[in-house]
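Subject: Structure for you to look at

Hi,

Here is the structure I said I'd pass on. Have a look at it first, and then read on for what turned up.

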Amino acid sequence: MNAHEIDYQIFGEEMQYVELELDPSEAVIAEAGNFMMMDNGIRMNTIFGDGSAKDEGFLGKVLGAGKRLLTGESLFMTIFSNEIEGKKKISFASPYPGKILPIDLTRFNGKFICQKDAFLCAAKGVSIGIEFSKKLGRGLFGGEGFIMQKVEGDGMAFVHAGGTMATKELQPGEKLKVDTGCIIGFTQDVDYDIEFVGGIKNTIFGGEGLFFATLTGPGTVYIQSLPFSRLASRIHQAAPQGGGKDKGEGSILGGLGDMMSGDNRF
């Protein structure tokens with residue numbers, strides 16, 4: 001497997017985008033909805049599966065598309081190709097505030113495991129598949145489901161993390177406990193399992209869920225401070241309920257405080 005070699009540059013701080021430079025005949029693959037802008041001369045095509053070299057023939061394309069369907073993604077991906085002379089640039093944007101993590105798969109022995117919604121884009125030739133859990137507990141209680149994505153190949157791939165990103169280098173046997181939604185991804189040598197938090201009070205009143213993800217080294221783990229599910233939950237809680245009014249959070253005066261501050265919605 002030989003993925004296209006692409007140069008890149010990441011711009012921004014909280015709402016980042018990645019700009020990729022394509023030589024003639026080079027291409028990138030991306031999830032639908034991540035495209036931002038591109039130079040004239042780049043052609044866009046919608047394809048089954050991930051467009052990797054190993055998905056040859058009709059059956060291979062169907063299997064590639066089916067793998068994506070199991071992770072909750074679309075059957076289709078988008079491929080962007082530079083079909084004229086000269087270098088051309090294309091950019092993909094973060095879907096919500098956070099950081100873009102560049103993954104050089106040659107540094108990770110050709111494989112990286114990530115949350116199913118983390119993948120942003122990659123060089124053509126990189127394969128986007130599924131990573132099945134081998135342990136029942138992980139499948140039943142993992143929070144994000146027992147299926148994660150695996151990114152394989154020898155090229156560059158880019159994943160997105162919500163909020164601030166932390167990197168942990170785990171030594172052999174070293175264990176890290178993480179909220180299941182806060183995992184961005186990890187190298188293939190890391191052992192991933194689920195652990196019950198324990199204690200009646202923790203279970204009923206803790207508010208942090210019933211299970212931790214346990215990650216055991218050796219390997220590298222990437223953690224995000226703001227999973228999208230957590231962000232969406234907070235937005236939903238703060239949204240106007242019932243009659244269309246908000247909660248007046250942050251003020252002991254509630255609705256009266258809104259009127260005094262100039263928020264006079266009815």
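Let me start with a salt bridge: Glu83 pairs with Arg43, and their closest N and O atoms are 3.9 Å apart. This one links distant parts of the chain, since Glu83 sits in the loop between strand S6 (76-82) and strand S7 (88-93) while Arg43 belongs to strand S5, 40 residues away. Both ends are partly exposed: Glu83 has a relative accessible area of 47%, and Arg43 comes in at 46%. Before going further, please keep in mind that this is a predicted model.

**The overall picture**

The protein chain has 266 residues, and 42% of them count as buried. You'll find 5 helices and 19 strands in it. Its accessible surface is about 14,200 Å², with 55% of that belonging to carbon and sulfur atoms. As for contacts between residues at least 6 apart in sequence, 76% of them join residues at least 24 apart.

As background, side chains of opposite charge can pair when their charged atoms come close.

Besides the Glu83 and Arg43 pair, have a look at Glu13 and Lys99, whose side chains meet at 3.9 Å, N to O. Glu13 lies in the loop between strand S1 (7-11) and S2, and Lys99 lies in strand S8, so this pair ties together parts that are 86 residues apart in sequence. Are these two residues buried or exposed? Glu13 is exposed, at 56% relative accessibility. Lys99 has a relative accessible area of 18%, under the 20% cut-off, so Lys99 counts as buried.

**A nonpolar patch on the surface**

Next, find Phe35, Met36, Met37, Met38 and Met44. Those residues form a nonpolar patch on the surface, with about 440 Å² of accessible area together. Which strand gives the patch its largest share? That is strand S4 (residues 35-38), which contributes 4 residues. With 48% relative accessibility, Met44 counts as partly exposed.

Most residues other than glycine have a negative phi, and most peptide bonds are trans. A few spots here go the other way.

- Ser25 is not a glycine, yet its phi is positive, at about 75°. You'll see Ser25 in the loop between strand S2 (17-22) and strand S3 (27-30), where it is exposed with a relative accessible area of 63%.
- Asn109 is also not a glycine and has a positive phi, of about 55°. Asn109 sits in the loop between strand S8 (98-104) and strand S9 (111-114), and it is exposed with a relative accessible area of 64%.
- Gly217 and Pro218 are joined by a cis peptide bond, with omega at about 15°. Pro218 is in the loop between strand S18 (211-216) and strand S19 (219-224).

**Around the cis bond**

What does Gln171 touch, leaving aside its neighbours within four places in sequence? Gln171 is in contact with Gly217 and Pro218, the two residues on either side of that cis bond. Gln171 itself is in the loop between strand S14 (165-170) and strand S15 (175-178). From Gln171 to Val190 there are 19 residues in sequence, and the C-alpha to C-alpha distance is 9.9 Å.

S15 and S18 turn up again in an open sheet of 3 strands, ordered S15-S18-S17 with antiparallel pairing. The edges are S15 and strand S17 (191-196), each of which pairs on one side only. From one strand to the next, the twist averages 30°. S17 and S18 are joined by 6 bridges; to find one of them, go to Asp193, whose bridge partner in S18 is Thr214.

That's everything from my side for now.

Cheers

Note on methods
Residues are numbered from 1 along each chain as its sequence is written. This is a predicted model: local features need pLDDT of at least 70, side-chain atom pairs count only at pLDDT 80 or more; totals for chains, interfaces and linings use all residues. Side-chain values use heavy atoms; hydrogens and water are left out. Patches are made of residues with over 30% relative accessible area and no salt bridge: like charges are joined within 9 Å, nonpolar side chains (Val, Leu, Ile, Met, Phe, Trp, Tyr) within 5 Å. Accessible areas come from the Shrake-Rupley method with a 1.4 Å probe; for residues, only the protein chains shown count as cover. A salt bridge is a side-chain nitrogen of Lys or Arg within 4 Å of a carboxyl oxygen of Asp or Glu. Helices (H or I, at least four residues) and strands (E, at least two) are DSSP runs, numbered from the N terminus. Buried means under 20% relative accessible area, exposed over 50%, partly exposed in between (1.4 Å probe, protein chains only). Contact means heavy atoms within 4.5 Å. Two strands pair if DSSP finds at least two bridges between them. Axes are lines fitted to C-alpha atoms, for helices over the stretch in contact, and angles run from 0 to 180 degrees between N-to-C directions.
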